[in-house]
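Please walk through the model below with attention to one helix and to the aromatic rings.

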Amino acid sequence: TWHLKKIPQIVGERTFSLDRPKFEANPKLELNSVCGIECQRRLPVPSLSDLKDLLSYETVFENGTRTLTEVNVLGLVLDQAGNTTTRRSSRKKRQIYGTDSRFSIYDKRFMTNFPFNTAVKISTGCSGILISPKHVLTAAHCLHNGKDYVKGSKRLRVGLMKTKSRGDGRRRKGAKRSRRETSDGMPSFQWTRVKSTHIPKGWFKGVSGDIALDYDYAVLELKRPHKRKYMELGISPTIKMMPGSMIHFSGFDNDRSGQLVYRFCSISDESNDLFYQYCDAEPGSTGSGIYLRLKEPNKKKWKRKIIAVYSGHQWVDVNGEQQDYNVAVRITPLKYAQICFWIHGNDENCTKG
């Protein structure tokens, strides 16, 4: 069952103008030497002032201007337990573990309906998920490598799925027919410009300071609203509270060009901010929204909600050795409050989650 939780409040305090970014960074789909399971156990619990700094955020606008917004955190009860982790088993060096368990979604009845139609493609090569009529959730490193915004993020676009069968529909005069549009049941994309992007300051500190991936998430605001069903945010439960510890997500893996790829698997390890799992995934699916299907309180209805963002295949340091994991960033009450604040522009709609 989804349990309703009181959410801390994120309140914007001051906004400053920053220099325009250069947009010259090369996108990195794999991050080396980030803080892994053993390292997370040694991290101190962030203080309130630390959290205010980590949750402050940069906004980049379509015209290339950039601002930094400092925030305050209200109503937070700090967890003194630290960054606890659960370790279950070791991994092998690969992104597909054993038999490839991914499903390519070809049938347009599924592809254009909920929950699969919430998956979107980001023009920098990642995936994302619709979280409001105008907002998309994705991974921060799809847009920023920790030092600068990646090439192509200045003219960022989001591709919403549409399908065209062979010979279906009329072309505009002079328009070229792409190979994707002529393939039966294959998705083509309706590209929409991004008006602004929000990235938490914790991401910039994390990459430069060799800290955890805890803040590898970003929200894109579309220039025009879409008219599709989107997926709501949820607070990430612990592994014990998930049916079969199973998670689900869909994205656009690079090795299956033009296909929407769905997968589900169980989580193996967790920390306060991260899930470590065996979901088969290739580059391109990074930034996908990970979701669960649980019952609504006091109702018979089931509801899917996003509880994490897929950060991708990462190399981490465990006991002095490099090991690889497929990692996801959990939506904690604080991150829920921040993302909700980005969507609504105030904290009034974000008191419960």
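Is Phe252 buried or exposed? Phe252 counts as buried because its relative accessibility is 3%; buried means under 20% relative accessible area, exposed over 50%, and partly exposed in between, with a 1.4 Å probe and protein chains only. This is a predicted model, in which local features need pLDDT of at least 70 and side-chain atom pairs count only at pLDDT 80 or more, while totals for chains, interfaces and linings use all residues. Residues are numbered from 1 along each chain as its sequence is written, and side-chain values use heavy atoms, with hydrogens and water left out.

Consider helix H6, residues 333-344. Helices (H or I, at least four residues) and strands (E, at least two) are DSSP runs, numbered from the N terminus. H6 has 12 residues and reaches 16 Å from its first C-alpha to its last, close to the expected 16 Å; the expected span is 1.5 Å times one less than the number of residues. Of the 12 residues, 10 are buried, and H6 is mostly covered. Among the buried residues are Lys335, Phe341 and Trp342. After H6 comes Gly345, with a positive phi near 80°.

The aromatic rings come next. The structure holds eight aromatic pairs, where rings of Phe, Tyr and Trp (its six-membered ring) pair if their centres lie within 6.5 Å, and planes under 30 degrees apart count as stacked, over 60 as edge-to-face and the rest as tilted. The Tyr57 and Trp342 rings have centres 5.4 Å apart and planes at 75°, so this pair is edge-to-face. The pair links distant parts of the chain, with Tyr57 in strand S3 (residues 57-61) and Trp342 in helix H6, 285 residues apart. Tyr57 counts as buried because its relative accessibility is 8%, and Trp342 does so at 6%.

Phe189 and Phe252 also form an edge-to-face pair, 5.2 Å centre to centre with 75° between the planes. Phe189 lies in strand S10 (residues 187-200) and Phe252 in the loop between strand S12 (246-251) and strand S13 (260-270), so that distant parts of the chain, 63 residues apart, are linked. Phe189 is buried, with a relative accessible area of 10%.

Tyr57 and Trp342 belong with Tyr215 and Tyr217 to one aromatic cluster. The charged end of Lys335 sits over the ring of Tyr215, 5.5 Å from its centre; this requires NZ of Lys or CZ of Arg within 6 Å of the ring centre and within 35 degrees of the ring normal.
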